[in-house]
Amino acid sequence: MTMALPEIPPLADDDIHVWQTRWTAGQGELPFLSLLAAYAGPGAPAVARGEHGKPHFPAPFDELGFNWSHSGDRALFAVGRGSAGFELGIDIERVRPRPRALELAARFFAPDETAMLAALPEERQLHSFLRLWTAKEAVLKANGGGLSYGLHRVSFALGDASVAPVAFDGEIAPASAWRVGVLDVGSDCVAAVAWRGGERRIRLFTYVF
């Protein structure tokens, strides 16, 4: 099955393109794969999967980094170019009541992050929890280890509109090697994209099918 694609803008070396689209069980990953094929061009191999399920292209096509995420009926696809093995990850989470957010943070986040959340006014705790969660997931998905690597092993500081890497542990270190972009995807979702490398411009697009 093929899908009608929007016009794909040129992908500069210092760009990250993020596509907003919808998620349906019937279409599954087809919208992501269709967008990926448009960026990869003719001759690209089939998508391979890492040990923990991360999608990627084998060499020599691994200069194109990509990732996708969905929550409810919302989905995001991210793509960028870099050196061989370029690492890129994205995560989206729908905003919904999470009465155990602080309990989850105490169990899975770094102690400083949990203390930071607990010190916030109650009305800000959920959104801040989701900003931390999506930043962590985006980095761990980029690295390929996923949640099994340990959410507490990547810690962040929250700014007014940013999430800054502070301390990373193990093979994913150092934190200074990573960039995280907070995405404006509407008030009903929180999302972040992460990559290893220097600063890049994030461009947001919409794919309607």
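Which residue in S5 does histidine 17 stand opposite? The legends below take up this question in a predicted model, beginning with the whole chain and then moving to one strand and its partners.

**View 1. The chain as a whole, with its 4 helices and 11 strands.** The C-alpha trace spans about 50 × 35 × 30 Å along its principal axes. A compact globule of 209 residues would have a radius of gyration near 17 Å, and because the chain has 17 Å, the two agree. Of the contacts in the chain with a separation of 6 or more, 55% are accounted for by residues 24 or more positions apart.

**View 2. The surface and the interior of the chain.** Buried residues make up 47% of the 209 residues, while the chain exposes about 10000 Å², of which carbon and sulfur atoms supply 54%. The chain carries 20 positive and 24 negative side chains, and the centres of these two sets lie 3 Å apart.

**View 3. Strand S1, residues 15–22.**

**View 4. S1 beside strand S11, residues 201–206.** These strands run parallel and are joined by 6 bridges; within this pairing, isoleucine 16 has isoleucine 202 of S11 as its bridge partner.

**View 5. S1 beside strand S5, residues 74–81.** Here the pairing is antiparallel and extends over 7 bridges. The opening question is answered in this view, where histidine 17 stands opposite valine 79 in S5.

Definitions and conventions
Residues are numbered from 1 along each chain as its sequence is written. This is a predicted model: local features need pLDDT of at least 70, side-chain atom pairs count only at pLDDT 80 or more; totals for chains, interfaces and linings use all residues. Side-chain values use heavy atoms; hydrogens and water are left out. Helices (H or I, at least four residues) and strands (E, at least two) are DSSP runs, numbered from the N terminus. The radius of gyration is taken over C-alpha atoms; the globule rule is 2.2 Å times the number of residues to the power 0.38. Buried means under 20% relative accessible area, exposed over 50%, partly exposed in between (1.4 Å probe, protein chains only). Contact means heavy atoms within 4.5 Å. Accessible areas come from the Shrake-Rupley method with a 1.4 Å probe; for residues, only the protein chains shown count as cover. Lys and Arg count as positive and Asp and Glu as negative; His and the chain ends are not counted. The place of a charge is taken as NZ of Lys, CZ of Arg, CG of Asp or CD of Glu. Two strands pair if DSSP finds at least two bridges between them.
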